[in-house]
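The notes move from the whole chain to single residues.

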Amino acid sequence: MSVRLVHIADVHLGAPLANFGDYARQRRSEQQEAFRRAVDAALAARAQVVVIAGDFFDTFRPEPAAVELARRELGRLEEAGVKVFGVPGTHDSLGYAECVYRHESLPFHHFFDRPTFEDPVRLEVEGVPVTIYGIAYDPRRTGGGWKTLSRTGEEGIHVAVVHAACRFNPEWPIAEEDLPFLERELSGFGMDYIALGHYHNLRIFEAGGRVVGAYSGSLEGRDWTERGPRHVLVVEWDEPGAAPTVRPVEVHSRLMDVREVDVTGAADEEEMIAAVESACDAERLWKATLVGEPEVIPRPRTIEASLASRYGHLRVEDRTSMVASHVLEQRREEETVRGEFFRRLVDRRETAEGRTAEVVDRAIKLGLRVFG
Ligand SMILES: [Mn+2]
């Protein structure tokens, strides 16, 4: 026997992705492609079960096209005999009276809409009993949350599907409706695997040398906190009671990445543009942060505009310092108010650190713009 489950989360279908500006439309279609690829991955892995751990839609009231895409893709799984389980997330919470899951019937085998884990669904996969638990947590309807998750007496494999926030740092204030939990608590629920949604970067949790659960992460980067490959997870058991193997499968269309580009000594904008081009390949979506000590003040929007046709989406940020530039050296020699202004700022910059240094650098640039 072999029981194979594909874990998907945080698809955010229908997200406007307006933060991508002119690239938003293209980014939306890349995100849709990534979801199609996730479904393809489940079919290719010959998974018998797919779980979607919340934030399937970006909002509780997604546009009709997003609902249709969901229906079509889940339909492909249904046709192949794959049983799909879902729970709501924070973006598509059942707490909203008009939530999409209340009035659309999507081809889920089961969608968990009760605020406790107490109604698991049992199915049989290749003769092995598999029990799936899920929750649509709503603190206004009932308390309990994680406390209601406990393994039934059923034999076989037990899997929980939850949209919940891990307290990686015990100090973090996390709202009760985000079902906070501590990493070390995961192994105490008696599950063979806990499929998590909420955090958008891949994270596999182990205890005592075996996997106990994971965040599979988003399918396509939504901003530069979601860098690098995006995945679904193929979770497989060779026998009940054994630890599962977890295999991440990449589904993204286009990677997002960040890089610092040193433009020290650059005498004009052309040189800065060339530096960005050689540091950042045009395949990815970049946030390039200019650093170092150029001779002219960078104009990030102008640099972005001249590279726009080559890059799908490129964001340029300026964190350079003009302290070492020749023009500033000249200004500081002057016995004028302008000279005094720059002398004071350069003195200040010498001892400044971190945020203060950034502020002084900005003040110097503003001064150069205003006073020349
Ligand atoms: Mn999400």
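What follows is a short briefing, grouped by topic, on a structure that is a predicted model. The chain has eight helices and 15 strands, and its C-alpha trace spans about 85 × 40 × 40 Å along the principal axes. The domain assignment divides the chain into domain 1, residues 3-250, and domain 2, residues 256-371.

- Of the 372 residues in the chain, 39% are buried.
- When contacts between residues at least 6 apart in sequence are considered, 69% of them join residues at least 24 apart.
- The centres of domain 1 and domain 2, taken over C-alpha atoms, are separated by 43 Å.
- Where the domains meet, seven residues of domain 1 are in contact with six residues of domain 2, and the domain 1 side of this contact consists of three nonpolar, two polar and two charged residues.

**The six-stranded sheet**

- Six strands form an open sheet with mixed pairing, and their order is S4-S3-S2-S1-S11-S12.
- The edges of this sheet are strand S4 (110-111) and strand S12 (245-250), each of which pairs on one side only.
- Strand S1 (residues 3-8) and strand S11 (residues 231-237) run antiparallel and are joined by five bridges, and His7 stands opposite Leu233 in S11.
- Helix H1 (residues 24-44) lies across S1, strand S2 (49-53), S11 and S12, and the helix runs at about 170° to S1.

**Val84, a residue of strand S3**

- Val84 is found in strand S3, which covers residues 83-87.
- Is Val84 buried or exposed? Val84 has 24 other C-beta atoms within 10 Å, and because a residue counts as buried at 20 or more such atoms, Val84 is buried.
- Leaving aside residues up to four places away in sequence, Val84 touches Val50, Ile52, Leu74, Leu77, Glu78, Phe108 and His109.
- Arg102 is 18 residues from Val84 in sequence, and the two are 17 Å apart in space when taken from C-alpha to C-alpha.

**Two loop residues with positive phi**

- His12 lies in the loop between S1 and H1, and although it is not a glycine, His12 has a positive phi of about 55°.
- His12 is buried, since 24 other C-beta atoms lie within 10 Å.
- Arg46 is placed in the loop between H1 and S2, and its phi is near 50°, which is a positive value in a residue other than glycine.
- Arg46 counts as exposed because it has 12 C-beta neighbours inside 10 Å, and a residue with 12 or fewer is classed in that way.

**Helices H6 and H7**

- Two packed helices are described by the angle between their axes and by the distance between those axes.
- Helix H6 (residues 326-333) and helix H7 (residues 337-351) pack at an angle of about 120°, and their axes are 7 Å apart.
- In this arrangement H6 passes H7 in a left-handed crossing.
- Which residues of H6 and H7 meet? From H6 they are Leu328, Arg331, Arg332 and Glu333, and from H7 they are Arg338, Gly339, Phe342, Arg343 and Val346.
- Sorted by class, this contact of H6 with H7 holds three nonpolar, one polar and five charged residues.

Methods. Residues are numbered from 1 along each chain as its sequence is written. This is a predicted model: local features need pLDDT of at least 70, side-chain atom pairs count only at pLDDT 80 or more; totals for chains, interfaces and linings use all residues. Domain bounds come from an automatic or database domain assignment. Two residues are in contact if their C-beta atoms, placed from the backbone, lie within 7 Å. Ala, Val, Leu, Ile, Met, Phe, Trp, Tyr, Cys and Pro count as nonpolar, Asp, Glu, Lys and Arg as charged, and the others, Gly among them, as polar. Two strands pair if DSSP finds at least two bridges between them. Helices (H or I, at least four residues) and strands (E, at least two) are DSSP runs, numbered from the N terminus. Axes are lines fitted to C-alpha atoms, for helices over the stretch in contact, and angles run from 0 to 180 degrees between N-to-C directions. A crossing is left-handed if the near helix is turned anticlockwise from the far one by less than a right angle, and right-handed if clockwise.
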